[in-house]
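Take a slow look at the fold below before reading on. We'll walk through it piece by piece, picking up a few terms along the way.

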Amino acid sequence: MTTPVSWLYVPGDRPDRFARAAASGADVVIVDLEDAVDASRKDQARENVVAHLAQPRGGPRWHVRINDLATARGREDLAALAGAPGLDAVRLPKVESPTDLDLLDEVFGDRPVPAFALLESARGIAHAHAIAAHPRTAGIALGEQDLVAELSLGEAALDHLRLQAVLAAAAAGIGPVPMSVFPDVRDEAGLVESCRRGRDLGMFGRTAIHPAQVPVIRRAFRPTEAEITRARAVVDAAEQAGVDGVGALVLPDGRFVDAPVVARARRVLALADEVG
C-alpha cells in the first residue's frame, strides 16, 4: 500500500458529497463526524457513514474522524463503526495519551483497524512518542488550529512542533506525518509554499478541505524535474561504479556520493513514480 499524499475531508452529514470526494483524486477520503458537523446532525451523520461503508466500492481509502473518545458521542461513533466492512482506519481527535487508543482493542478486538491520532494539545505533544508507538497507531498528525488556540503559537513555534511529530513518527517506524489543512482554498500559491515548508521539515502529504486543493497538494509533494534528474544521475553513477550499497565516488560535477546519498536518490525516484 502506497503512502498517501492527499487526504480530503468531507462532512458526514453531506452524503451527496461522498461521490465527489471519491472522484477527487485524493488517496484518502476522511469522512468527518466531528468539527465539520453541527451537533444537531451528528447522529444522522453517523448513520450516513455506516451506510456508506457497508456498500461495495473501490477508489480511495476511507477513514472516519470520530468525535472525542472522552465523550459519550465519540465512544458511540466507535461502537457504530465496529462492524463497518469498508472502514480502512479511524481518525482520533484530541489524543493525549497512548491509553486513549486502548479502547480500539475493546471495540475491534482482533480486527486490525488502524488509528491515526491527532495531537491537538500540549499533553498530546508531550506524549507524542508514546502515542506513535502504540500498536494501533498507523500515523500521527497535528491539530494545528487547536494548538495555536491553546498555546498562542506563531509559525516558528509550529515548525518546532511539526518537527517533534516527524521525529516521533520516525522513531516509532510508522508512516510520515501529513500536514494539517490549509484554510484558504483560493490561495494556491500560499498552499504550495506551505507544502514546501512542510517538506523541508520531513512532513509528507496533506489534508485538504476542498477537492480543488487535492491536485495542488499532489504537485507540491512530487519531486521537481531538477530533483528527479539529479537523483537519476546519482543512482546511475552508483550502479555503474558498483557503490550502490557500500563505498563512495565523486560525480563529474563534484558531488560526493555514498550509500545514504544513493538511498535518498532512490526514494526521490520512487516518490516521483508513485505521485505521478
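Let's start with a term for how helices pass each other: a crossing is left-handed if the near helix is turned anticlockwise from the far one by less than a right angle, and right-handed if clockwise. Helices here (H or I, at least four residues) and strands (E, at least two) are DSSP runs, numbered from the N terminus. What you're looking at is a predicted model, where local features need pLDDT of at least 70 and side-chain atom pairs count only at pLDDT 80 or more, while totals for chains, interfaces and linings use all residues. Residues are numbered from 1 along each chain as its sequence is written, and side-chain values use heavy atoms, with hydrogens and water left out.

Now for the sheet. Seven strands make an open sheet, with parallel pairing, in the order β6-β5-β4-β3-β2-β1-β7; two strands pair if DSSP finds at least two bridges between them. At the edges sit β6 (137-142) and β7, each pairing on one side only. From one strand to the next, the twist averages 25°.

Zoom in on β1 (residues 6-11). On one side, β1 pairs in the parallel sense with β2 (residues 28-32) over five bridges, and P11 stands opposite D32 in β2. β1 also pairs in the parallel sense with β7 (residues 206-208), over three bridges, and there S6 has R206 as its bridge partner. Further along, β4 (residues 89-92) and β5 (residues 115-119) run parallel, joined by three bridges, with V90 partnered by A115.

Is β1 buried or exposed? Six of its six residues are buried, so β1 is largely enclosed by the rest of the structure. Buried means under 20% relative accessible area, exposed over 50%, and partly exposed in between (1.4 Å probe, protein chains only). In a regular strand the side chains alternate between the two faces of the sheet. In β1, S6, L8 and V10 on one side and W7, Y9 and P11 on the other are all buried, and both faces are covered.

Next, the helices. Two packed helices are described by the angle between their axes and the distance between the axes. Axes are lines fitted to C-alpha atoms, for helices over the stretch in contact, and angles run from 0 to 180 degrees between N-to-C directions. The axes of α2 (residues 42-53) and α3 (residues 72-81) come within 10 Å and cross at roughly 20°. That makes α2 roughly parallel to α3: angles under 35 degrees count as roughly parallel, over 145 as roughly antiparallel, 65 to 115 as roughly perpendicular and the rest as oblique. The crossing of α2 and α3 is right-handed.

The axes of α9 (residues 188-200) and α10 (residues 213-221) come within 9 Å and cross at roughly 40°, which makes α9 oblique to α10. Their crossing is right-handed.

Finally, check out two loop residues. K94, in the loop between β4 and α4 (102-108), has a phi near 55°, a positive value in a residue other than glycine. K94 is partly exposed, with a relative accessible area of 29%. S152, in the loop between α7 (144-151) and α8 (155-172), has a positive phi near 55° too, and S152 is exposed, at 66% relative accessible area.
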